[in-house]
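Hi everyone, thanks for coming.

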Amino acid sequence: MRRLLHGHVWAVYSFLYAPIVVLVLFSFNQSKRNAVWKGFTLDWYRQLFADTEVMTSFGKSLEIAGIATVMATIIGTMAALALSRYRFKGRDLVATSLYLPMVIPEVVMGVSILTFFVSMKVTLGLFTLILAHVAFCISFVTVVVNARLQGFNRVLEEAAADLGASPWVTMWKVTLPLILPGIVSGALLSFTLSFDDFVVTFFNSGAGTTTLPIKVYSMLKFGVTPVINCVSTLMILITFALVLVSQRLQREN
């Protein structure tokens, strides 16, 4: 039975990760066609880094993800503190609405945000794209920080208050340092989701806001080449590294 279970686990992981391994492997293929392996080369990576359009879209993705992460982390942390510390009218409704972006289909999220911008007669551009990313990143930050707050010992805050610390000093000197790993973990997860997002970005991007996923999609229209494999490999590495750090921080706390 144990061997059968191990075989099942390996079969599932192979099914999930074998295509990724093949993609990474063929990013080093000498041939332009991904069907046949003809030898190892780094020429496609050199061509990728020399492509100014791809590098520009990469920088744009970093810019949008960075700004959206900062905004989502601040708002999400405040929302988690409010939901875990206070009881107010409509609290359950607010808590439920925060989970909606995590469970509804992403295409619905993208269309709904686009509809809102159109109804408000807002021109699509960098500003709208950042707001769209913030909208779906807030939920993930809130959930991660809230999980950290569930195990928070309120006695430490009470001790700080007994020693004469004001609520503001207690927040900065006691609460935030203790929940900081959860905040950083939520921020890393938010950055990963924003950096890799395609559907919401596709619906809410305007002129001059071509992110890396959108650029890869446009490149696919001209055929799959090792350059696309190189871009995908770099995105996988960045995503994997950020998720790994995020999970490590969550396990330590």
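I'll go through the salt bridges, then the nonpolar cores, and finish with a cavity. One thing to keep in mind from the start is that this is a predicted model.

Let's begin with charged side chains. Side chains of opposite charge can pair when their charged atoms come close. How many salt bridges does the structure hold? There are three.

Find Asp 43 and Arg 46 to start. Their side chains form a salt bridge, with 2.6 Å from N to O. Both residues sit in helix H2, which covers residues 43–50, and because they are three residues apart, about one helical turn separates them. As for the surface, Asp 43 is partly exposed at 46% relative accessible area, while Arg 46 counts as exposed at 51%.

Now go to Glu 53 and Lys 215. This pair also meets in a salt bridge, at 2.7 Å from N to O. Glu 53 belongs to helix H3 and Lys 215 to helix H10, residues 212–220, so the bridge ties together parts that are 162 residues apart in sequence. Are the two partners buried or exposed? Glu 53 counts as exposed, with 51% relative accessibility, whereas Lys 215 counts as buried, with 14%.

The remaining pair is Lys 60 with Glu 63, at 3.5 Å from N to O. Both of these residues are in helix H3, three residues apart, which is about one turn of the helix. Glu 63 is partly exposed at 32% relative accessibility. Lys 60 has a relative accessible area of 19%, and because the cut-off for buried is under 20%, Lys 60 counts as buried. What does Lys 60 touch, leaving aside its neighbours within four places in sequence? Its contacts are Leu 126, Gly 208, Thr 209 and Thr 210.

On to the nonpolar side chains. In soluble globular proteins, nonpolar side chains tend to be buried together. Here, the largest nonpolar core has 27 residues, and the members that touch the most others are Ala 72, Ile 113, Val 134, Val 145, Leu 149, Ile 179 and Val 200. Which elements give two or more residues to this core? They are H3, helix H4 (91–103), helix H5 (106–119), helix H6 (126–150) and H8. Of these, H6 gives the most, with 10 residues.

Setting aside neighbours within four places in sequence, Val 145 is in contact with Thr 77, Ala 80, Gly 182 and Ile 183. There is also a second, separate core of 17 residues, and Leu 188, Phe 195, Val 216 and Met 235 are among them.

Which residues line the largest cavity? The list is Ser 61, Ile 64, Ala 65, His 133, Ser 194, Phe 195, Asp 197, Thr 201, Thr 211 and Pro 213. By class, that lining has four nonpolar, five polar and one charged residues. Helix H3 (52–85) and helix H8 (167–196) each supply at least two of the lining residues, and H3 gives the largest share, three residues.

Terms used. Residues are numbered from 1 along each chain as its sequence is written. This is a predicted model: local features need pLDDT of at least 70, side-chain atom pairs count only at pLDDT 80 or more; totals for chains, interfaces and linings use all residues. Side-chain values use heavy atoms; hydrogens and water are left out. On a 1 Å grid over the protein atoms alone, a cavity is a set of points where a 1.4 Å probe fits but cannot get out, and a pocket is an open set with protein on both sides within 12 Å along at least five of seven lines; lining residues have an atom within 4 Å of a point. Helices (H or I, at least four residues) and strands (E, at least two) are DSSP runs, numbered from the N terminus. Ala, Val, Leu, Ile, Met, Phe, Trp, Tyr, Cys and Pro count as nonpolar, Asp, Glu, Lys and Arg as charged, and the others, Gly among them, as polar. A salt bridge is a side-chain nitrogen of Lys or Arg within 4 Å of a carboxyl oxygen of Asp or Glu. Buried means under 20% relative accessible area, exposed over 50%, partly exposed in between (1.4 Å probe, protein chains only). Contact means heavy atoms within 4.5 Å. A nonpolar core is a set of buried Ala, Val, Leu, Ile, Met, Phe, Trp, Tyr and Cys residues joined through side-chain atoms within 4.5 Å.
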